[in-house]
Amino acid sequence: MKLVRTVAVLAALSASSALAADGPAWRNWSGDLFARAASENRFVILDLEAVWCHWCHVMETTTYADPAVQQLLAAKYIPVRVDQDANPDLSSRYGDWGWPATIVFAADGTEIAKIRGYIEPERMQALLKAVIDDPSPGPSVGEAFEIKPATSAFLSKQQRTGLTKAVDESWDDKLGGWGENQKYIDADSLDLSISHAEVGDAQGATRARQTLDAAIALIDPVWGGVFQYSEAGSWSHPHFEKIMSFQSQYLRQYSQAYARWKDARYLAAARAIEGYLTAFLLSPDGAFHVSQDADLSREVDGHEYYALPDAERRKLGLPRIDTNLYARENGWAISGLAAYYDVTNDPRVLAIAERAARWVLANRARPDGGFSHGVNDRGGPFLGDTVAMGQALLDLYAATGNRDWLTAAMKAGDSVAGFRDEAGGFVTSKISEGSSGVFARPAKLIDDQVQVARFMNMLNRYDGNAGHRDQAAHAMRYLSAASSDMARPLPGVLLADEELAVEPTHITIVGHKDDSRARALHAIARALPARYKRLEWLDLREGKLPNADVEYPDLGEPAAFACSNRICSFPAFDAGELQANVEQMARLMPAGAAQN
């Protein structure tokens, strides 16, 4: 694209209509967007923002308030602003470009430019002019490549070595965490390290604990809750957004870390996040809101606001909370709360998680067993809502032994098949966003394949449904092929490969659910440190378990059995015996022992 001013541009600017007083005349994303762009001979510029995003607010008050930018937009563009949380089809497609993400399209839907993050007014002026002068795709628009799925659902030894090397190279041995500039806990990298720590890997334990220790600095010391990330290669320069994905992830991982290492700091971290989640993001209906803004207002940003104590914060008011109720975000919250309940045995927390699940089932469930995102799903349904809620329902089943939760999870698993692409992998949405350009087909993302593979594999362990195992393998064959062409670290692919290859730690409580001794054993089993765990409660009055792959004796009193590869330990009747049996089974089939 040529950065030149042409006579045509000058003429267009002088002839442009009056500009909106508050900025560009933003439109919503719609099915007729590109048809209108073609009829008016205009480009489309998409401002993909997040309502909680600090730099999105800055860009609105600087770049889009700039008169020259507004004139250029009015002359040749249809400006579109979209909340990425409300539009998973678009946020999934452009998630790697961060928020705000700015994408410029030709009238046929072809991408011309993609820009990550904040764009200052002068740079935006240059971009808009350059596109008008020369609308050919710029260097930010890479060519899409087709992925032919692998024949095997497992990574080769060479692939595992290469992926492990990439994860290792992203490790910051000075400060902890993966990556150098922005500091936060990468969920899959930490899960991978904890999994390896469970089988005696000292390096995995060191990395996990160094990261967990450092990330405590991201927890708001006044209200709890975790900030999104810290910048400048430091854990002490946070961006103050509080987003559900981070709350639920950190709540789960600090809870699981406490189960493993019994470090009181990890339990305190989990408690601080749970306290924020249930005090600030829980709606009166019992479902969870999405996020809280980084800033109080244009005049009071997060750096100033979050330095204040509680009373002074409240005197100024609360940063905006996005009060939408999405199935995906509620699934994440439920999973985090279930993990916290597992280690605390706090009935209040379980009640909150179950109430949220019932709300989603009543208000977001679809006839096919899947879930809608929100009230109005433009472009939906979306894969992420069904996978997140399916996993949450599985977590509630493990936490309670209530088979109703497993039944709902199985229905969600059946719904996932509707997103399957026979050419490989799973699509983000069943509906494409347009009929031409990059939108002719729904997006298909690596992270989505990872989540499908892990959820469907775990679901198969519980229900024994071979079709669910096939869906996990279908996602893994795509991942096996795609991961070879990806430059970025992909710890989630390694996790999915390891979990598909081995049996989870399998603990079954045999006893009546109204027997206090059985309930005590179940509480002990929930709190045992095993990230990849299948926990069931067999009350023989309810009939066999859905996946009755092990026959358990009725001893006339409650007992717990730890199994690996369908080989079970002697029955355990107390915490010490159960812990010893779990460790024995782990030695028989350690997590992470990949098979081909």
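Which two cysteines form a disulfide, and how far apart are their sulfur atoms? They are Cys563 and Cys568, with the sulfur atoms 1.9 Å apart. Keep in mind that this is a predicted model.

Let's stay with that link. A disulfide is a covalent bond between the sulfur atoms of two cysteines. This structure holds 1 disulfide. The angle about the S-S bond is 100 degrees, and the link of Cys563 and Cys568 is right-handed. Now look at the two ends. Cys563 has 2% relative accessibility, so it counts as buried. The cut-off for buried is under 20%. Cys568 has 29%, so it counts as partly exposed.

Next, the helices. Take H19, residues 466–482. It has 17 residues and reaches 24 Å from its first C-alpha to its last. That is close to the 24 Å expected at 1.5 Å a residue. Is H19 mostly covered or mostly open? Mostly covered: 12 of its 17 residues are buried. Among them are His468, Gln471, Met476, Tyr478 and Leu479. What do these buried residues pack against? The partners are helices H7 (157–169), H17 (403–416), H18 (446–463) and H20 (491–501). The N-terminal end of H19 has a cap, Asn465. A side-chain oxygen of Asn465 lies 2.7 Å from the backbone nitrogen of Gly467.

Compare helix H21, residues 516–527. At 1.5 Å a residue, its 12 residues should span 16 Å; the end C-alpha atoms are 17 Å apart, which agrees. Its buried residues include Ala518, Leu521, His522 and Arg526. At the start of H21, a side-chain oxygen of Asp515 comes to within 2.8 Å of the backbone nitrogen of Arg517.

Now the interior. In soluble globular proteins, nonpolar side chains tend to be buried together. Here the largest nonpolar core has 157 residues. Which members touch the most others? Trp29, Phe105, Tyr250, Tyr254, Trp261 and Phe288 do. Helix H16, residues 383–400, gives the most to this core, with 10 residues. There is also a second, separate core of 19 residues. Ile45, Tyr64, Ile112 and Leu127 are included in that second core.

Last stop: Thr63. It is found in the loop between helix H3 (54–61) and helix H4 (67–76). Is Thr63 buried or exposed? Its relative accessibility is 0%, so Thr63 counts as buried. Its side chain reaches the backbone oxygen of Ile119 at 2.4 Å.

Cys53 is buried, with a relative accessible area of 3%. Cys56 is buried too, at 4%.

Conventions
Residues are numbered from 1 along each chain as its sequence is written. This is a predicted model: local features need pLDDT of at least 70, side-chain atom pairs count only at pLDDT 80 or more; totals for chains, interfaces and linings use all residues. Side-chain values use heavy atoms; hydrogens and water are left out. Helices (H or I, at least four residues) and strands (E, at least two) are DSSP runs, numbered from the N terminus. The expected span of a helix is 1.5 Å times one less than its number of residues. Buried means under 20% relative accessible area, exposed over 50%, partly exposed in between (1.4 Å probe, protein chains only). A polar contact is a pair of N or O atoms within 3.5 Å; within protein, one must be able to donate a hydrogen and the other to accept it, and residues adjacent in sequence count only if both atoms are side-chain atoms. Contact means heavy atoms within 4.5 Å. A nonpolar core is a set of buried Ala, Val, Leu, Ile, Met, Phe, Trp, Tyr and Cys residues joined through side-chain atoms within 4.5 Å. A disulfide is a pair of cysteine sulfur atoms within 2.5 Å.
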